[in-house]
Amino acid sequence: MAADSAFGVALVGLWHESAQAGGAVGFAAAAPRAEIARAAVPLVDSLRQGRALGVAADQARRLVGAAVLRPGQGTRSRTGTLELLMVEPALTGCGLGSQLLGELLTAARDRGLQRVDVAFAQDERGQRFFEKAGFTVWGRRPHWQQGPDGDRDELIMGVQL
Ligand SMILES: CC(C)(COP(=O)(O)OP(=O)(O)OC[C@H]1O[C@@H](n2cnc3c(N)ncnc32)[C@H](O)[C@@H]1OP(=O)(O)O)[C@@H](O)C(=O)NCCC(=O)NCCS
């Protein structure tokens, strides 16, 4: 899937839907689409310019899943950060998220990365999901993210490729 403007529009739609469903995608459920679109623009630019790695899943030409990983620079050039991973809320639990993550980690390894981290608002199901993919907990930032019921810790997990 090319990182063109059509992809950008589809990505914002999926991202907005994921946020509305309460997913750990960096935005509150009530975040306006325009706010998410502002975050999507530099992400799609990075994908287009090869500064980020991405994988996507479509169903009947509709974007239903996406994952983006940003390799580090300089002394961090052998590590990377998973910036976004989301599956259309109606399609979760069918293995798509694991498949996207696996493909992205393979692409990261092929690019020479040795370690990848991810940070998200602490959530047991999310933690279990990443543990199944080989990630372990590396740390925690207290009260780092705002949640519907107050501030939440951010969990940092990582995997060696
Ligand atoms: C996390 C996510 C990508 C998993 O995709 P998926 O296609 O459902 O994943 P799989 O079917 O391969 O695996 C299912 C596991 O995913 C996790 N999961 C499912 N729904 C989830 C949700 N809403 N939030 C967090 N984790 C979830 C659970 O560990 C689940 O296992 P369980 O049913 O035994 O609890 C997807 O749920 C999602 O988009 N969540 C919102 C965004 C998010 O939390 N991204 C991860 C942080 S970057």
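1. How many bridges join strand S5 to S6? Strand S5 (residues 136-147) and S6 run antiparallel and are joined by 8 bridges. Strands here are DSSP runs (E, at least two residues), and helices are likewise DSSP runs (H or I, at least four), numbered from the N terminus. Two strands pair if DSSP finds at least two bridges between them.

2. The model is predicted: local features need pLDDT of at least 70, side-chain atom pairs count only at pLDDT 80 or more, and totals for chains, interfaces and linings use all residues. Residues are numbered from 1 along each chain as its sequence is written, and side-chain values use heavy atoms, leaving out hydrogens and water.

3. Between S5 and S6 there is a hairpin through 2 residues. Threonine 136 has glycine 158 in S6 as its bridge partner. Strand S4 (residues 115-121) also runs antiparallel to S6 (residues 150-160), with 7 bridges; phenylalanine 120 is opposite leucine 155 in S6.

4. The whole structure holds 4 aromatic pairs (rings of Phe, Tyr and Trp, the last by its six-membered ring, with centres within 6.5 Å; planes under 30 degrees apart are stacked, over 60 edge-to-face, the rest tilted). The planes of tryptophan 15 and phenylalanine 27 meet at 75° with ring centres 5.7 Å apart, so this pair is edge-to-face. Because tryptophan 15 lies in helix H1 (residues 5-20) and phenylalanine 27 in the loop between H1 and helix H2 (33-48), the pair ties together parts 12 residues apart in sequence.

5. Phe120 also belongs to one aromatic cluster, with Phe129, Phe130 and Phe135.
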